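Biologist: Please put the chain and its model up. I will ask, and you answer briefly.

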Amino acid sequence: MAKFTIYFKDKAIQSYIYDTGVVHIGRDDTNDLVIDNLTVAPAHAVVIVKQSGCVIKQLNNDHPLVVNHEKTKEAVLQNNDTISVGKHTIIYSTTESIAPAQTNNSANKDVDFLNVKLESKVKIPDANLQVLDGQHIGRILPLKKSMTRFGHAGSGVIVISKRKDGYHISSLESDVNITVNQQPLADKTIHLNTNDIIIIDNISMQFYLES
């Protein structure tokens, strides 16, 4: 299991445990680990939790990811690693699964709740982007991964994340003109709905869920 404990001014304020899955960290309230501070990006980082270990990745170039006091874009987490996010600190620790005979009812309920959360992520329908113009008009771009990246540095880079409540889009370059339904994306994270139109590098794409 992976445990994430959030600290502010050396005081623990929240703690979460995950068996496996994708853990989103950021200021936006659609994240799994929400840190409500302007020094934190709406979509700051993502952790891929597997039985074999955890990998953390930076999501926003304007908000650095700092692991053990060093800036990085990606890192394999080790027990007791320190993740600095704005003015907050997240301590990552590994914890072994406890045998059922040793758990109490409260602990069992917590594990059951986490399992339900993980299952709900799996049940989210797949989605696609369809290119509406340009030389690749009609092309279907599947969004089957937990995090899909599109675009090119300088002309616009977006990340579409598959989360427990659906699909969310954010930009890795807030100074580039990227729009969703003709509204600038900038540094926001937006929940996508079927038929939303995304324009990046003057290419229009339509988002839709598979039936």
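Modeller: One term before we start: buried means under 20% relative accessible area, exposed over 50%, and partly exposed in between, with a 1.4 Å probe and protein chains only. This is a predicted model, where local features need pLDDT of at least 70, side-chain atom pairs count only at pLDDT 80 or more, and totals for chains, interfaces and linings use all residues. Residues are numbered from 1 along each chain as its sequence is written, and side-chain values use heavy atoms, with hydrogens and water left out.

Biologist: Is Phe 4 buried or exposed, and at what relative accessible area?

Modeller: The cut-off for buried is under 20%. Phe 4 falls under it, so Phe 4 is buried, with a relative accessible area of 0%.

Biologist: What kind of aromatic pair do Phe 4 and Tyr 18 make?

Modeller: Rings of Phe, Tyr and Trp (its six-membered ring) pair if their centres lie within 6.5 Å; planes under 30 degrees apart count as stacked, over 60 as edge-to-face and the rest as tilted. The search of the whole structure gives 3 aromatic pairs. For Phe 4 and Tyr 18 the centres are 6.2 Å apart and the planes stand at 65 degrees, so the pair is edge-to-face.

Biologist: Which strands hold Phe 4 and Tyr 18?

Modeller: Helices (H or I, at least four residues) and strands (E, at least two) are DSSP runs, numbered from the N terminus. The two residues are 14 residues apart. Phe 4 is in strand 1 (residues 2-8) and Tyr 18 in strand 2 (residues 11-18).

Biologist: Which residues form one aromatic cluster?

Modeller: Tyr 18 is buried at 3% relative accessibility. The cluster is formed by Phe 4, Tyr 18 and Tyr 92.

Biologist: How many bridges join strand 1 to strand 11?

Modeller: Two strands pair if DSSP finds at least two bridges between them. Phe 8 stands opposite His 88 in strand 11. Strand 1 and strand 11 run antiparallel, and the bridges between them number 7.

Biologist: Which residue takes a positive phi in the hairpin of strand 10 and strand 11?

Modeller: Strand 10 (residues 81-85) and strand 11 run antiparallel, joined by 5 bridges. The hairpin has 2 residues between the strands. The positive phi, near 60 degrees, belongs to Gly 86.

Biologist: Which residues touch the most other members of the largest nonpolar core?

Modeller: A nonpolar core is a set of buried Ala, Val, Leu, Ile, Met, Phe, Trp, Tyr and Cys residues joined through side-chain atoms within 4.5 Å. A second, separate core has 20 residues, including Ile 124 and Ile 200. The largest core has 22 residues, and those touching the most other members are Phe 4, Ile 25, Leu 33, Val 47, Ile 56, Leu 77 and Ile 90.

Biologist: In what order do the strands of the open sheet of 6 strands run?

Modeller: The pairing is antiparallel. The edge strands, which pair on one side only, are strand 13 (140-142) and strand 18 (183-184). The order is 13-12-21-20-17-18.

Biologist: Which residues do the salt bridges that share partners join into one network?

Modeller: A salt bridge is a side-chain nitrogen of Lys or Arg within 4 Å of a carboxyl oxygen of Asp or Glu. Asp 126 meets Lys 144 at 3.3 Å and Lys 162 at 3.4 Å. Glu 210 meets Lys 144 at 4.0 Å. The network is Asp 126, Lys 144, Lys 162 and Glu 210.

Biologist: Over which residues is the pLDDT below 50?

Modeller: pLDDT is the predictor's confidence in each residue, from 0 to 100. The protein chain averages 82, and 85% of the residues score at least 70. Where pLDDT is low, the predicted coordinates should not be read in detail. The pLDDT is below 50 over residues 96-107 and residues 118-122.

Note on methods: Contact means heavy atoms within 4.5 Å.
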